[in-house]
Amino acid sequence: MTYAPDFAGLSAHRARLERTDMRTLFAADPERFRTFSATERDLLLDYSKNRIDLEAMTALFDLARAADLEARRDAMWSGEAINTTENRAVLHMALRHQDDTRVLLGGRDVMPAVRETLERIRVFTDAVRGGALTGATGRRFTDIVNIGIGGSDLGPAMVTLALEPYTRPDLRAHYVSNVDGAHINDTLKRLDPATTLFVVASKTFTTDETMTNAGSARAWIARSLGEGAVGSHFAAVSTNLTACAAFGIQEDRIFGFWDWVGGRYSVWSAIGLPVALAIGFDNFSAFLAGAAQMDVHFRTTPLEQNLPVIMGLLGVWYRNVWGFPTHAVLPYDQRLSRFPAYLQQQDMESNGKSVTLSGAPVGWSTGPVVWGEPGTNGQHAFYQLIHQGTDVIPCDFLLAVVPQEKLPPHHAKLVANCLAQSEALMLGKTRDEVEAELRAEGLDEAAIAALAPHKVFPGNRPSNTLIYEKLDPRMLGRLIALYEHKVFVQGTIWGINSFDQWGVELGKQLAKALLPKVTGEADAQDHDSSTRGLLEHFHALSA
Ligand code: F6P
């Protein structure tokens, strides 16, 4: 029988919960926080501020079991080609696997090759950081420029920023991704070619943006240090070793990975090379070990206490039963400022699909729009809509207990703001409360009647809070892996392939076809009138 998730069965639970609100549920049950929170070591997930009760959660866990979640999770780990449209296994967890057990793919253990690459990364990063490996003029490297896009950029860029306290001021990492020349220009203009090391990162080594930027970087080095210097200033990370060599990268500076690592799951592979250069290999290893901890949690913890499962099911609950279209990720941790952008690729490229594994159209909604900014900045920008807008937006708040800075008033205020937001979203403010406040301020009844509706907060707005000890390499690894598995849980329930990304291809094809029309080498007659009109305007202004 064809698989289809039974969301209709959940609507009775929605109907029951619509007759109450979270304020009432909290008042009625002093144990609500304890009932609806779960931990993985020091990481606590408080999901009590959601529109749920025990019956609804039980039904959601049943939904996961009906989707054979555990069997599919085990199939992924056993190296089955669960990415069916590309006929590939999904084994990025092997990249951070810690114990001596084997990770098999087609009967062969992938771990020796994983460990060999990690050892090469260690040797290379130690040599660069220690100054044994220098640029062509013999000067130490002071700047690493990673050239990559999508999964070959977002992961390492986000991680480097998040782990800033573990970086060194004399070895800075920069990330160039956009084909817009402004990106590479504005990065390179502050750098000295003699002390700059480029890492060209591309799983395929064919991505146009990356190859264009790599070509400009190569020309920049050759122009200032001579063609012979290129080899000393470039390293590459790819599954396409032949193309790396053809670009002129020295063999001992090419770091490989494998087709069973999806681009958006590749920060654990040699794609993490700029991270290892920036924070040192030991910290990079701790980052991998943290992710492995979360893998063990996901594989071995019963669904009812399993953090990624709970978060995934709540996402499905809001997307498919309540019809909420977006999900906000709001880190109260400035260094996680690129985490929402990273999650956009991880989640939206994975679960932005409209057909099931068998190719039939899905009859239900799939991935939400994922977005967010760090608190408290978001509070002064878009939280207005989250509190009083017409759409309900489930939120994840992320918060560290121990800051990296010794600036006590800052952190206490940050924590207070974070807790205040989820409390405000849940509680809201009733008309009676607003009127009482206005009366206490001395407003007359006419003014109160006019103003009160604007000051009412509906409340009953859902959120999760993730609270952890400290944003160190291990914790960051755990957080990223948590969201990876959450995305997997949701993709499994939706019955889609979370590991391909055919939706990015059409734009690439059309850009290729349009390029000669932009440069004026071909005419645009075969295009629609809008595209033709835009090109005409472009040519008129650029003439
Ligand atoms: O945007 C599509 C995509 O294929 C992503 O999945 C990938 O992370 C990115 O392009 C970059 O690809 P590559 O690492 O092959 O350059």
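Student: Which residues lie nearest the centre of the second largest pocket?
Tutor: This is a predicted model, so please read every value as computed. In the second largest pocket, Gln-334, Pro-403, Glu-405, His-411 and Leu-414 lie nearest the centre, and 18 residues line the pocket.

Student: Which helix gives the largest share of that lining?
Tutor: Helix α16, residues 408-427, gives the largest share of the lining of the second largest pocket, with three residues.

Student: How much space lies in the second largest pocket, and what classes of residue line it?
Tutor: The space in the second largest pocket is about 430 Å³. Its lining has seven nonpolar, seven polar and four charged residues.

Student: What about the largest pocket: what volume does it have?
Tutor: The largest pocket has a volume of about 1,300 Å³. Its lining is made of 41 residues, and those nearest its centre are Thr-204, Thr-207, Val-504, Glu-505 and Lys-508.

Student: Which elements give two or more residues to that lining?
Tutor: They are α9 (208-225), α14 (339-351) and α20 (505-519). Of the elements, α20 gives the most to the lining of the largest pocket, with eight residues.

Student: And how does the lining of the largest pocket divide by class?
Tutor: The lining of the largest pocket has 13 nonpolar, 17 polar and eleven charged residues.

Student: Changing topic, how many cavities of 30 Å³ or more are there in the whole structure?
Tutor: The search finds five cavities of 30 Å³ or more. The largest cavity has a volume of about 80 Å³, and the second largest cavity has about 60 Å³.

Student: What lines the largest cavity?
Tutor: Its lining consists of Gly-315, Tyr-318, Arg-319, Phe-324, Thr-326, His-327, Pro-368, Pro-394, Lys-486, Gln-490 and Trp-494. The elements giving two or more residues to this lining are α13, β10 (326-332) and α19. By class, the lining of the largest cavity has five nonpolar, four polar and two charged residues.

Student: How many charged residues does the lining of the second largest cavity have?
Tutor: The lining of the second largest cavity has no charged residues; it divides into eight nonpolar and three polar. Among the lining residues are Leu-95, Val-114, Trp-258, Trp-268 and Phe-284. Helix α6, residues 111-130, gives the largest share of the lining, with four residues.

Student: You mentioned α13 and α19. At what angle do they pack?
Tutor: In general, two packed helices are described by the angle between their axes and the distance between the axes. Helix α13 (residues 307-321) and helix α19 (residues 473-494) pack at about 50°, and their axes are 8 Å apart. That angle makes α13 oblique to α19. The crossing of α13 past α19 is right-handed.

Student: Which residues meet there?
Tutor: On the α13 side, the residues include Leu-307, Met-311, Gly-315 and Arg-319, and on the α19 side they include Tyr-483, Lys-486, Gln-490 and Trp-494. The contact of α13 with α19 has eleven nonpolar, five polar and two charged residues.

Student: How do the axes of α14 and α19 cross?
Tutor: The axes of α14 and α19 cross at roughly 25° and come within 10 Å. That makes α14 roughly parallel to α19. The crossing of α14 past α19 is right-handed. Among the residues that make the contact are Phe-339, Tyr-342 and Asp-347 of α14, together with Ile-480, Tyr-483 and Trp-494 of α19. The contact of α14 with α19 has eight nonpolar, five polar and three charged residues.

Student: One last topic, the backbone. Which peptide bond is cis?
Tutor: The peptide bond from Gly-375 to Thr-376 is cis, and its omega is near 10°. Thr-376 lies in the loop between β11 (369-371) and α15 (383-388).

Student: What is phi of Arg-41?
Tutor: Phi of Arg-41 is near 50°, a positive value in a residue other than glycine. Arg-41 is placed in the loop between β1 (37-40) and β2 (43-46).

Student: Why do you point out those two places?
Tutor: They are of interest because most residues other than glycine have a negative phi, and most peptide bonds are trans.

Note on methods:
Residues are numbered from 1 along each chain as its sequence is written. This is a predicted model: local features need pLDDT of at least 70, side-chain atom pairs count only at pLDDT 80 or more; totals for chains, interfaces and linings use all residues. Side-chain values use heavy atoms; hydrogens and water are left out. Axes are lines fitted to C-alpha atoms, for helices over the stretch in contact, and angles run from 0 to 180 degrees between N-to-C directions. Angles under 35 degrees count as roughly parallel, over 145 as roughly antiparallel, 65 to 115 as roughly perpendicular and the rest as oblique. A crossing is left-handed if the near helix is turned anticlockwise from the far one by less than a right angle, and right-handed if clockwise. Contact means heavy atoms within 4.5 Å. Ala, Val, Leu, Ile, Met, Phe, Trp, Tyr, Cys and Pro count as nonpolar, Asp, Glu, Lys and Arg as charged, and the others, Gly among them, as polar. On a 1 Å grid over the protein atoms alone, a cavity is a set of points where a 1.4 Å probe fits but cannot get out, and a pocket is an open set with protein on both sides within 12 Å along at least five of seven lines; lining residues have an atom within 4 Å of a point. Grid points are joined across faces, edges and corners, and a volume is the space filled by probe spheres set on the points.
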